[in-house]
Amino acid sequence: MPELPEVETIRRQLALELTGYTFTKVTSVWEKAFRPSFGAVKKAVLGRTVKKVDRQAKLLIMALSRPAQGATPTTYMLFHLKMTGQL
């Protein structure tokens, strides 16, 4: 399991790479890892733009803007790097 300094390093790298990125496609190699379901997460993030990547303890928090059609306000996705340290 990555320690806090590694999680912060990963957060900074993701913030540089993903801020401003708009989700146009969502795929997964392990759909059971998503809560409430992969379909619900996919529907919630498609068309949204990454506003920022933050961290609370060892959780990564990705803030997503509302889609162009206008829906609910900011949506947040939470990630835990588990034992591998990979997203």
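Before anything else, please keep in mind that the model is predicted.

I will start with the overall layout. The protein chain contains 2 helices and 3 strands. Reading from the N terminus, the order is α-α-β-β-β.

Next, the dimensions. The C-alpha trace of the protein chain spans about 40 × 25 × 20 Å along its principal axes. How does the radius of gyration fit a compact globule? For 87 residues, such a globule would come out near 12 Å, and the protein chain has 13 Å, so the two agree.

Of the 87 residues in the protein chain, 29% are buried.

If we take contacts between residues at least 6 apart in sequence, 46% of them join residues at least 24 apart.

Finally, one residue to look at on the screen. Val-45 sits in helix α2, which covers residues 38-45. Is Val-45 buried or exposed? Its relative accessible area is 2%, so Val-45 counts as buried, the cut-off being under 20%. What does Val-45 touch, leaving aside residues up to four places away in sequence? The partners are Phe-23, Val-26, Leu-64 and Met-77. Ser-65 is 20 residues from Val-45 along the chain, and their C-alpha atoms are separated by 9.1 Å.

Note on methods: Residues are numbered from 1 along each chain as its sequence is written. This is a predicted model: local features need pLDDT of at least 70, side-chain atom pairs count only at pLDDT 80 or more; totals for chains, interfaces and linings use all residues. Side-chain values use heavy atoms; hydrogens and water are left out. Helices (H or I, at least four residues) and strands (E, at least two) are DSSP runs, numbered from the N terminus. The radius of gyration is taken over C-alpha atoms; the globule rule is 2.2 Å times the number of residues to the power 0.38. Buried means under 20% relative accessible area, exposed over 50%, partly exposed in between (1.4 Å probe, protein chains only). Contact means heavy atoms within 4.5 Å.
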